[in-house]
Amino acid sequence: MKKTIITVVGKDTVGIIAKVCTYLADNNVNILDISQTIVQDYFNMMMVVDANQASKKFGEISDEMTALGDEIGVQIKVQQEEIFNSMHRI
Amino acid sequence: MINIFEVNETNKMIEQENLDVRTITLGISLLDCIDSDIDVVCDKVYKKITTQAKDLVATGKEIEKEYGIPIVNKRISITPAAIVGGSACKNEGDFVKLAVTLDKAAKEVGVNFLGGYSALVSKGMTKADELLIRSIPEALSVTERVCSSINVGSTKTGLNMDAVKLMGEMVKKTAEFTKETDCLGCAKLVVFCNAPDDNPFMAGAFHGVTESDAIINVGVSGPGVVKTALEKTKGENFEVLCETIKKTAFKITRVGQLVAQEASKRLGVPFGIIDLSLAPTPAIGDSVADILKAIGLEHPGAPGTTAALALLNDQVKKGGVMASSYVGGLSGAFIPVSEDQGMIDAVNAGALTIEKLEAMTCVCSVGLDMIAIPGDTSADTISGIIADEAAIGMINQKTTAVRVIPVIGKGVGEVVEFGGLLGYAPIMPVNTFSCSEFVNRGGRIPAPIHSFKN
C-alpha cells in the first residue's frame, strides 16, 4: 500500500491536530500513525496516512493542506513515503 | 516504519541545505530526422522534440510536488546536430536555421536548456562538422536555450589540434557576437575531451549515437548537505571524514534514483543513468568550495586543495554507486567559478588561480568551468588553454572540459554578471606568454600509450 507522510512544524497552539485531522476525515484520508513532539514550544508532528481512497487528487490535497497550515500558522508538508524509504532504508 | 527523525532529517536537507535534483534530462535521438533538405530536417526535428518531450516539464513538476523535492531543471539533449544536419546543411546559415528550430522546440515544451548543438571531432572534422563549428557564434547569439559542445579529443584518438585551434577562435568570436549580453554565448559553449554520451548536465549534454531512441538521465546535487554533515566532523580523522561523505552521498543519490525511476515510469522512457556530480549554484550554502573549507582549507586554492577534492569526489562516488543501479555522465566535482559563491570569494581573496583550477581537474574536477577571462585574451591563448585541459583528460582517461568566457571590453579585477544559475564572476588573469607557434602547427597529437603509467 502506498503511504503518505504529513509533517506539521511550527509554533504550538490550540487545535493543530484537530484541524488537520478534521481536514483529513473530510477528505476520506485514513490516519495510520501519529508521532508528535514539542521542543521549546515548537510543535513537530508526523502522520502516516493512507490517501489512496481520498476524495481528491494528491496535488489538490497537498495545496489545500499547505493553505490550512498558513491559516493555523504552521508549515504542513505532504509527501509520498518513498522518498524517505529510499533515503533511509537499504 | 519510517520515524519522525528520519522524516525531519530529509526535510531539513531539502529546506535548509538546498538538497535538490539538479536536472532531469530527456535524451532524444534525432537520427530518424535526417534528410537532404534542411526544411524537412527542421520540420521533423521540431515535431519529434515537441512530441517526445511534451509531458517532460509537467511530469517533473508532478514528481516535485508528490515527493516534496525540488527538481531545478528539466532539459533535453539531442543527437549531435552535426550528424543530424550533416547531409542537409550546405552552409553555416543552414546550421543556424537548425539551431533556431531547436530553440523554438525548447521553448514550446518549456525546458530551460537544450543541449546537443554539437560535433564530435576527436580525430577529424567532416565538412559538416566544420560548418557547424563555424556556425556556433551566430547560432548561440540568435538562440536563447540552445547549448553547444564540441569534443576535440579522446584517450583513444589523441587530440585534434586543428579543432582545438578552431575552437579557440570560435570561443572568441562567440564572445564578440554576444558582447551586448556580457558574452553570455560562451556560457553555453563547452569544449570537451572524452565527452560522455549520457551527460545530463548543461552546457555539455548531448544524446550520443550509442544511446537508444529516448532516455532519462538525472543529475543529483547537494553540496549543502555534504557541507552540513562535514561541519559535525571538525577535528576528526580522515576515516570519519570519508565515511561521513560516503553516507551523505548515498542518501542524496537515493533521492535522484527515486526521481529518475518515477520520471522514467511516468514518461514511458527508459532510465539511463544517474550523474553523481556535486553541482553548486550561486545560492549561499550550495557550494562545493564550502565543502573544501569544511574539510579544512581556508580557501579553495590553498595547498591541499587537490588532495581534498580528490578524496571528496572519490567518496561521493563510493557512496553514490551503491545508491544507484546505473551511474554515468560526468560524475565529477563541478567547480564552476561563477556559479559558486565560495569559489568567487577565493578568487577575490587571491587564493585561487586558473593554474590551480587546472591542477584540480587532474584528479576529478570536470574542467575549467565558467571562468571569466580578460576580453583581450587572444584566440591562440584560448586554444592553448583548451589544449592543456584536453591533454589532462586524454592522458588521465577522464572527461575534461573548458568553458571560459573572454569578456569583451573588460579586464582583470572587473566583474561580469550572467544572472540566474550562471551567477557572476570576477575576471581572472591569464598567462599572457604566447603559444601561437604551438597551436598553429596543425594536425593531431597522437593517442597516448596506455602502458608504463607514471
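Predicted model: local features only at pLDDT ≥ 70, side-chain atom pairs only at ≥ 80, totals over all residues.
View 1. The contact takes 40 residues from domain 1 of chain B and 45 residues from domain 2 of chain B, two residues being in contact if their C-beta atoms, placed from the backbone, lie within 7 Å. Domain 1 covers residues 23-193 of chain B and domain 2 covers 219-445, with bounds that come from an automatic or database domain assignment. On the side of domain 1 of chain B that touches domain 2 of chain B, the largest share, eleven residues, comes from α7(B). By class, that side of domain 1 of chain B has 22 nonpolar, ten polar and eight charged residues; Ala, Val, Leu, Ile, Met, Phe, Trp, Tyr, Cys and Pro count as nonpolar, Asp, Glu, Lys and Arg as charged, and the others, Gly among them, as polar. Residues are numbered from 1 along each chain as its sequence is written, while chains are lettered from A and ligands numbered from 1 in the order in which they are written. Local features need pLDDT of at least 70 and side-chain atom pairs count only at pLDDT 80 or more, whereas totals for chains, interfaces and linings use all residues.

**View 2. The open sheet of chain A.** Four strands of chain A form an open sheet in the order β2-β3-β1-β4, with antiparallel pairing; strands (E, at least two residues) and helices (H or I, at least four) are DSSP runs, numbered from the N terminus, and two strands pair if DSSP finds at least two bridges between them. At the edges lie β2 (30-39) and β4 (74-80) of chain A, each of which pairs on one side only. β2(A) and β3(A), the latter spanning residues 42-50, pair over nine bridges, and A:Ser35 has A:Met46 in β3(A) as its bridge partner.

**View 3. Chain B against the sheet of chain A.** Helix α1 of chain B (residues 4-16) lies across β1, β2, β3 and β4 of chain A, running at about 75° to β1(A), where axes are lines fitted to C-alpha atoms, for helices over the stretch in contact, and angles run from 0 to 180 degrees between N-to-C directions. Between the chains, 17 residues of chain B are in contact with 20 residues of chain A. On the side of chain B that touches chain A, α1, α3 (56-67) and α9 (238-267) of chain B each supply at least two residues.
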